2 protein chains.
Amino acid sequence: MIILGSKSPRRKQLLQESGLAFTVEHFDVEESYPESLQKEEIAIYLSRKKAKAYAKPLGDAILLCADTIVCIDDSVLNKPADFDEAYAMLSHLSGRMHEVYTGITLCYNNEYKSFYERTEVYFKPLTSIEIERYIIQNSPYDKAGAYGIQEWIGYIGVEKIIGCYYNVMGMPLSRLVKELLNFYPDKALPNLFT
Amino acid sequence: MIILGSKSPRRKQLLQESGLAFTVEHFDVEESYPESLQKEEIAIYLSRKKAKAYAKPLGDAILLCADTIVCIDDSVLNKPADFDEAYAMLSHLSGRMHEVYTGITLCYNNEYKSFYERTEVYFKPLTSIEIERYIIQNSPYDKAGAYGIQEWIGYIGVEKIIGCYYNVMGMPLSRLVKELLNFYPDKALPNLFT
C-alpha cells in the first residue's frame, strides 16, 4: 500500500488511473528552498521536505511525496497570485519551450529514495484573447506556471511535448511504477496494484 | 460552426474540450487505401475519403474528418480483431518507439484542405501480466494499435512522447485550431469558439 502525501486532486486522480493501491494524507509543508538549488534539485528538495514532514508511523506502507515546478530561462514559475501575474506567466510561456520537473521521494522502512522526471513543453504563440479567456474561465491560481496541460489552454495551446505527459500533470506514472518495482521488488505486481 | 464527421467518442470529447462550436454527424466509410501509400499518406487519404463521403449540403459549415494510424517498422497496426491480435500488437510496441499519424481533412465551400500531425510514442518494456491485464480490463478492440494513451496502459506504460499528446488520442487540437484560423481567418476567434 502507498500513502500519497499530497493535497493535489490531480495527483490523486493520476494515481487512481494507474491502479496502484493507495490512501491520501494531507499535511502542510512550507515550500521554500535554498536559493542555490537549480531546477531538478528544487523539485527533489521539496518532495523530500514533504516526505520528511510526514509525522505518523508508516508501518508496512510506502510514503510517496512529489513536487512539480515549471522552469523557463533559468527562473522558476510558482503559482500566480492574481490575474496580472497569471497573465504575465502565460505571456512568458507563449511561443516558447519550457521545462517541467517533478521530483518524487519515496520512503519505506525509514529509507528515502528520490528521483525526478523532466518534460519539455512547447506552447504556440498565444493571443491575448486566448490568455484572458483561459485565466477567467479556469482560474489557474493553484498551478505552477499558471496553466494545466489538461485544461483548455493545454488542449489548444501546447503544440508539442518531449517527455512524459503525466509528469506535466504532476505525476510521472510510468517512471513511478518502474522505480517502485525497482526499489521494492518484493512488493511488485500484483501486490502494488488494486 | 464545424461538422465533425466521426463516430469516435474520443474525437468528440477532445473537440468539446477545445471549446470549438460543432455538431457531430455519423456516416460509414470503408477504410481501405491503396497499398502504395505510406504512413502520413494513408492518414490523409482516409481523412479525405471520409470527407468526400459526406453527402449532405454543408452550407456555411466547415466539415472536419480525421483518421489516426499507428505505424511501427513500416507496417500499419489496425484495430485488433481479438485477444491474440491485441496481445501481439502490444508485444510489438513493448519497449519500442512507434509513430502515430492523424490526417485531417477540412471542407468548406467545396474546397478540401488536408494536413497531418505526427507523434512519436515510447513504450517501456511491458510485462505479459501488464498486457493481459490491460486487454482484459479495457478491451481495446476499437483502437488502432490496441491501446489508448489515456487508458491504463498509457498511464503506466508510456515513458515519453515527442509531439502532440492529443494527436495520439485522435485529434491534434493545437494544430487544428492553427489551421482553422489559417484557412478561414474570417471565421476566427471568437466565432469558432462557443
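Three bridges tie β7(A) to strand β7 (residues 158-163) of chain B, and the two strands run antiparallel. Strands pair here if DSSP finds at least two bridges between them. As for the labels, helices (H or I, at least four residues) and strands (E, at least two) are DSSP runs, numbered from the N terminus.

A quick word on what you're looking at: this is a predicted model, where local features need pLDDT of at least 70, side-chain atom pairs count only at pLDDT 80 or more, and totals for chains, interfaces and linings use all residues. Residues are numbered from 1 along each chain as its sequence is written, while chains are lettered from A and ligands numbered from 1 in the order in which they are written.

Now for the meeting of the chains. The contact draws 23 residues from chain A and 23 residues from chain B, with two residues in contact if their C-beta atoms, placed from the backbone, lie within 7 Å.

| Element of chain A | Residues |
|---|---|
| α1 | 9-18 |
| α5 | 152-157 |
| β7 | 158-163 |
| α6 | 165-169 |
| α7 | 173-183 |

The largest share of that side, six residues, comes from β7(A). By type, the residues on this side of chain A split into 13 nonpolar, five polar and five charged. In that count, Ala, Val, Leu, Ile, Met, Phe, Trp, Tyr, Cys and Pro are nonpolar, Asp, Glu, Lys and Arg are charged, and the others, Gly among them, are polar.

How do the copies line up?

Zoom in on Glu159(B), which belongs to strand β7 of chain B. Glu159(B) is buried, with 20 other C-beta atoms within 10 Å. A residue is buried if 20 or more other C-beta atoms lie within 10 Å of its own, exposed if 12 or fewer, and partly exposed in between, with C-beta atoms placed from the backbone. Leaving out residues up to four places away in sequence, Glu159(B) touches Cys164(A) and Ser174(A) from one chain, plus Tyr122(B) and Lys124(B) from the other.

Helix α7 (residues 173-183) of chain B has buried residues too: Leu173(B), Ser174(B), Arg175(B), Leu176(B), Val177(B) and Leu180(B). Their cover includes α5 and β7 of chain A, along with α1, β5, β6 and α6 of chain B.

Stepping back, chain A has seven helices and seven strands. From the N terminus on, they go β-α-β-α-β-β-α-β-β-α-α-β-α-α. Buried residues make up 42% of the 194 residues in chain A.

Finally, the largest nonpolar core has 106 residues, and Leu64(A) and Leu64(B) have the most contacts inside it. Such a core is a set of buried Ala, Val, Leu, Ile, Met, Phe, Trp, Tyr and Cys residues joined through C-beta atoms within 7 Å.
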